[in-house]
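Some notes for a colleague on the model below. Please read them with the coordinates open.

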Protein chains: 2
Amino acid sequence: MLERKITHLTVRDVRFPTSLEQHGSDAMHTDPDYSVAYVVLETDSDAALKGYGLTFTVGRGTEIVVCAVKALSTLVVGKTLKEIISDFRGFYRLLSSDGQMRWVGPEKGVIQLATAAILNAVWDLWARVEGKDPAKLISCIDFRYITDALTEQEALDILVKAKKGQKSREEQMLKEGYPAYTTSCAWLGYTDQQLTKLCSEALAQGWNKFKVKVGADLQDDIRRCSLIRKLIGPNNTLMIDANQRWDVNEAITWVTKLAEFHPLWIEEPTCPDDVLGHASISKALAPLGIGVATGEQCHNRVMFKQFLQASALQFVQIDSCRVGSVNENLAIILMAAKFNVPVCPHAGGVGLCELVQHLILFDYVSVSASLNNRMCEYVDHLHEHFKSPTIIRNAHYIPPKDPGYSCEMLEESVQKHQYPQGEVWRAIEQQGKQ
Amino acid sequence: MLERKITHLTVRDVRFPTSLEQHGSDAMHTDPDYSVAYVVLETDSDAALKGYGLTFTVGRGTEIVVCAVKALSTLVVGKTLKEIISDFRGFYRLLSSDGQMRWVGPEKGVIQLATAAILNAVWDLWARVEGKDPAKLISCIDFRYITDALTEQEALDILVKAKKGQKSREEQMLKEGYPAYTTSCAWLGYTDQQLTKLCSEALAQGWNKFKVKVGADLQDDIRRCSLIRKLIGPNNTLMIDANQRWDVNEAITWVTKLAEFHPLWIEEPTCPDDVLGHASISKALAPLGIGVATGEQCHNRVMFKQFLQASALQFVQIDSCRVGSVNENLAIILMAAKFNVPVCPHAGGVGLCELVQHLILFDYVSVSASLNNRMCEYVDHLHEHFKSPTIIRNAHYIPPKDPGYSCEMLEESVQKHQYPQGEVWRAIEQQGKQ
């Protein structure tokens, strides 16, 4: 199967009108329409072998990512899977460092999101075909720019060391699953009534870790955090998320006023590029027992490297689509292990839970071997559009059993939500005209 | 004129086949085709008032920036210039922080380059209509995320203080011009013969500051630097530029081996995102008298803030197209003044010299009031395609006299070089087919 050639790449702009009901709203993204640039790799295999990948977006701008995927597609089509994985590091660099296209990045923003969509599809294809071992995984990582924090040998040592107990951790995961937290209860646009209802339902379903969006108005935040802390009691976990709303000093002042509700972390307190700012915030909040979490808009391994070097975060929030797919997330997960900082993935959106569950299971089974202070975000939206949706049982992610990277969508869903020609968007347009 | 409405935005993909002759080649961009996403804003003015803007790219990927400009254009078309400049900070944030489009940035990569192209055109339009004062300039800056390094009041104080002597500096600039250095002599792809010829010619024309591309092969670099140092003598200035080729420790080792040629700075030694890496390199090279310069791929004011806070650079290389136009460059220039670090702009490409000369003249006349360790890059390429090309006299930029931001291109040049339908590209395509 490895000899099969990738003959065709299609990419589609798929959007869900989530803004109509304020799902996903936060202090900076007030009206997101959860969307994906959805990639399908076709091969010349008789068995109709295909690879599915996506990158998550929030509406307008998806067409730009689609354009970037098309621009990068010439580097993928015509290659065999064997050519790619026999030098996956080189192939990663081909995509991320094309002598002309790197100018519009490099390794950041639109072009990085497009790289993620394509490589996610390549990993899906590969996962359907064969397994991997530590040396092969290491060979997928581009160590350029991170050797001052993690060498290839150190990375290999971490993987080899974690071989111990791997089998029993695998069994544990298959049985219990990986601990999750929910963000579905407390989007910024929800009323107190909605909060109360959703929180109570979640508690009844076994959830014990809850994230609340904050940052728009301090008095609102105090009221909402107080409400939720009362609902969930003192022993359940509360996290707060400002989605980059504040300047550095403002973040410190604001979060100090929410300390009485004992949040485990403040997420994205300021600009996602501000390593030194996050370091200042971390230092100021440490005495209050509040950590800093960030990563969903951290665009590459070099940024994560610095966050770790500067002790600027206490929770590493990897994302399956923001950086260069599994290749770059492997580097980030291994650096986090070296710096002994827990990985707590960002998920939600469309397909992010489906994708990132693979990474966090890998972290537990093959790298960190620890669940201490670790959990994976979960949002209960839009899973019905996937062929192998995530399975949550008692607030845990149950490992997926179907082969691949779990982001194949139902063709009917894709067609209905294609933007702007799908029936869902044509109906919205017509309502607007009425 | 301020009441006039922007009625239309056009954007075109314009590329020059510079890779055919290795112009612009460096360690990471081996075959650049200098290109622009070229924006024209039309208004409903009787006097055919238009605004011209561009962002620079190096070939493939320009179509992605064009796509992003189109996506952002809905936020511009229909507004009057007055609406924009009466709250330019708000307008800047509208473009850079659109609740959906910011996801594919934020403020970085493709979407930031597109923002620059549009705002460059807005500044061109405004410059054709009226002058500005300090308070108005401050009102253009979005201070979000930088108040821990520079407050609005501090920025205003810097501008007010620099009022002293402004008139005489203006006269000096009109007479002598702003000091420039040349990068045209020593691209990486040039032979030793070419280097020698170009360097000798440049010396004869009065150039006394020279930049050499390095980073592909150490022995080559030693030979080339030695050759050029001999040609220019001990008293002229030499700078070296690695275009992000190295890891942190590799940069220190490599540059140490070039120290005998006394370069003033090493430019882009490693990943442009690596603030802490640049700080380590700066610290290691300081005893050798070599500074670190970077900025042409530094994507926003928050990154520059950190480079300054961490003493990670000794020369701030602003770029007219990488960040959010004049608005964001004002913030960067003012932060550099506060941290007392010289600004030495990146230029070359297509139109970068035409644009950035305005910014560096502003820095001297209205902010830093100093020429110490300051100079502006110059590359002698493609100026003939502009309506008001830069004027260089005795290795100095002579201030432009035509109103506007100097990036209006000749319509004939645009049409000839439009990609892929312009006659230049059709001819290349046909040659390829022969």
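1. Ala369(A) lies in the loop between helix H14 (352–368) and strand S10 (376–378) of chain A. Helices (H or I, at least four residues) and strands (E, at least two) are DSSP runs, numbered from the N terminus. Phi of Ala369(A) is near 55°, a positive value in a residue other than glycine. Ala369(A) is partly exposed, with a relative accessible area of 36%. Buried means under 20% relative accessible area, exposed over 50%, and partly exposed in between (1.4 Å probe, protein chains only).

2. This is a predicted model, in which local features need pLDDT of at least 70, side-chain atom pairs count only at pLDDT 80 or more, and totals for chains, interfaces and linings use all residues. Residues are numbered from 1 along each chain as its sequence is written, chains are lettered from A and ligands numbered from 1 in the order in which they are written, and side-chain values use heavy atoms, with hydrogens and water left out.

3. Ser311(A) also deserves a look. Its phi is near 50°, positive in a residue other than glycine. Ser311(A) sits in the loop between H12 and S9 of chain A.

4. One runs from Gly105(A) to Pro106(A), with omega near -15°. Pro106(A) is in the loop between helix H3 (88–96) and helix H4 (109–129) of chain A. Another joins Tyr419(B) and Pro420(B), with omega about 0°. Pro420(B) is in the loop between helix H15 (411–417) and helix H16 (423–433) of chain B.

5. How are the chains related? A rotation of 180° with 0.0 Å of shift along its axis superposes chain A on chain B, at RMSD 0.0 Å. That is the relation of a two-fold axis. Gly109(A) comes closest to the axis of the residues of chain A, at 2.5 Å (C-alpha). Both copies use the same surface: 100% of the contact residues of chain A recur in chain B. Contact means heavy atoms within 4.5 Å.

6. Which residues of H10 (248–256) of chain B are buried? They are Val248(B), Ala251(B), Trp254(B) and Val255(B). They cover an arc of only 130° around the axis, which puts them on the same side of H10(B). The arc is that of the directions from the helix axis to the C-beta atoms. Their cover includes helix H12 (301–309) of chain A, and helix H9 (218–232), strand S6 (237–241), strand S7 (265–267) and helix H11 (275–285) of chain B.

7. Leu72(A) is in helix H1 (residues 62–73) of chain A. Leu72(A) is buried, with a relative accessible area of 0%. Leaving out residues up to four places away in sequence, Leu72(A) touches Leu95(A), Met101(A), Ile111(A), Ala114(A), Thr115(A) and Ile118(A). Leu72(A) and Ile118(A) are 46 residues apart in sequence and 8.4 Å apart in space, C-alpha to C-alpha.

8. Ser320(A) is in the loop between strand S9 (315–316) and helix H13 (325–339) of chain A. Ser320(A) is buried too, with a relative accessible area of 0%. Its contacts beyond four places in sequence include Asn120(A), Asn329(A) and Tyr405(A).

9. The UniProt annotation "domain: Mandelate racemase/muconate lactonizing enzyme C-terminal" (unreviewed entry) covers residues 192–288 of chain A. UniProt positions are given in the numbering used here, feature names are shortened, and annotations may be inferred rather than shown by experiment. The span is 49% helix and 13% strand.

How values were computed:
Least-squares fit on C-alpha atoms with pLDDT ≥ 70 in both.
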